Amino acid sequence: MRALVVYESMFGSTEEVARSVAKGLSGRMHVDVINVDDAPDEVTGVDLVVAGGPTHVHGLTGKRSRDAAAQQAGEQPLHSRKRGLREWLEGLATASPGTQAVTFDTRIEKPAWLTGSAARAAAKRLRRKGYRVSAAPESFFVTGKEAGDLHPGELERARMWGESLGDRADG
Ligand SMILES: Cc1cc2nc3c(=O)[nH]c(=O)nc-3n(C[C@H](O)[C@H](O)[C@H](O)COP(=O)(O)O)c2cc1C
């Protein structure tokens, strides 16, 4: 079985989470991890797509929010520079029959009705493209609105979440 983890990341936290999720999945599946900048617009030969990105302005990033992130980053280059999950999902071809998808985001640790959730928005779009969304969107937490460090333990939680996805897809 094969999984493709597609991540968008400004400051690096979502990328770190994506790599930990992939580590967890890799016990059960062959996993590729790819920056959304380089993600294919047609996904074939993959059983599970995992898409993750940062929550901006209550949902998926947009050109303006990414520009704001770039300003915050100053001299540091952003991890994803060309596009966000929103643009990738807009151009993504319809799913091959039976392909599963799950989504995650990084965001501030407050109730989702306050912070919004990029993962929820991405799951909706994947469903519209014909993907079978096979697990609830998951969130991993950062400390602040700016670059934001991941809360302690989040990478381990991400690895375990990946493991559980692998078990489910495998079983
Ligand atoms: C322009 C901008 C808007 C943001 N809006 C939100 C938001 O609405 N809700 C939230 O929980 N976090 C928000 N954040 C915090 C981001 O979720 C946080 O920077 C991100 O999780 C860090 O991941 P990254 O290092 O992969 O970019 C925002 C951050 C930026 C830069």
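This is a predicted model: local features need pLDDT of at least 70, side-chain atom pairs count only at pLDDT 80 or more; totals for chains, interfaces and linings use all residues.
Local features rest on pLDDT of at least 70 and side-chain atom pairs on pLDDT 80 or more, whereas totals for chains, interfaces and linings use all residues. Residues are numbered from 1 along each chain as its sequence is written.

Around it stand 23 residues, and the closest are M10, F11, T14, T106 and R107; a residue is counted here if its C-beta atom, placed from the backbone, lies within 6 Å of the molecule. Two or more residues of this shell come from each of α1 (13-25), α2 (63-73) and β4 (100-108). Helices (H or I, at least four residues) and strands (E, at least two) are DSSP runs, numbered from the N terminus. With 4 residues, α2 gives the most to the shell. By class, the shell holds 8 nonpolar, 13 polar and 2 charged residues, where Ala, Val, Leu, Ile, Met, Phe, Trp, Tyr, Cys and Pro count as nonpolar, Asp, Glu, Lys and Arg as charged, and the others, Gly among them, as polar.

Helix α1 deserves a look of its own. Its 13 residues should span 18 Å at 1.5 Å a residue, and the end C-alpha atoms are 19 Å apart, which agrees; the expected span is 1.5 Å times one less than the number of residues. The helix is largely enclosed by the rest of the structure, because 10 of its 13 residues are buried. Buried means that 20 or more other C-beta atoms lie within 10 Å of a residue's own, exposed that 12 or fewer do, and partly exposed in between, with C-beta atoms placed from the backbone. Among the buried residues of α1 are T14, V17 and V21.

The largest nonpolar core brings 42 residues together, of which A3, V5, V21, V49 and A122 touch the most other members. Such a core is a set of buried Ala, Val, Leu, Ile, Met, Phe, Trp, Tyr and Cys residues joined through C-beta atoms within 7 Å. Its largest share, 6 residues, comes from α5. The buried residues of that helix (residues 118-128) are A118, A119, A121, A122, A123 and L126, and they pack against β3 (48-54), α3 (85-91), β4, β5 (132-133) and β6. Just after α5, G130 takes a positive phi of about 95°.

Strand β6 (residues 138-142) includes F140. The strand runs parallel to β4, joined to it by 5 bridges, and strands are said to pair if DSSP finds at least two bridges between them. I108 stands opposite V142 in β6. Both faces of β6 are covered, with E138, F140 and V142 buried on one side and S139 and F141 on the other. F140 counts as buried because it has 26 C-beta neighbours inside 10 Å. Beyond its neighbours within four places in sequence, F140 is in contact (C-beta atoms, placed from the backbone, within 7 Å) with V17, F104, T106, L150, E154, R157 and A158. F140 and R107 are 33 residues apart in sequence and 6.5 Å apart in space, C-alpha to C-alpha.

Finally, the loop between β3 and α2 contains V57 and H58. Most residues other than glycine have a negative phi. V57, however, has a positive phi near 45°, and H58 one of about 70°. V57 is exposed, with 12 other C-beta atoms within 10 Å, while H58, with 15, is partly exposed.

Methods
Two residues are in contact if their C-beta atoms, placed from the backbone, lie within 7 Å.
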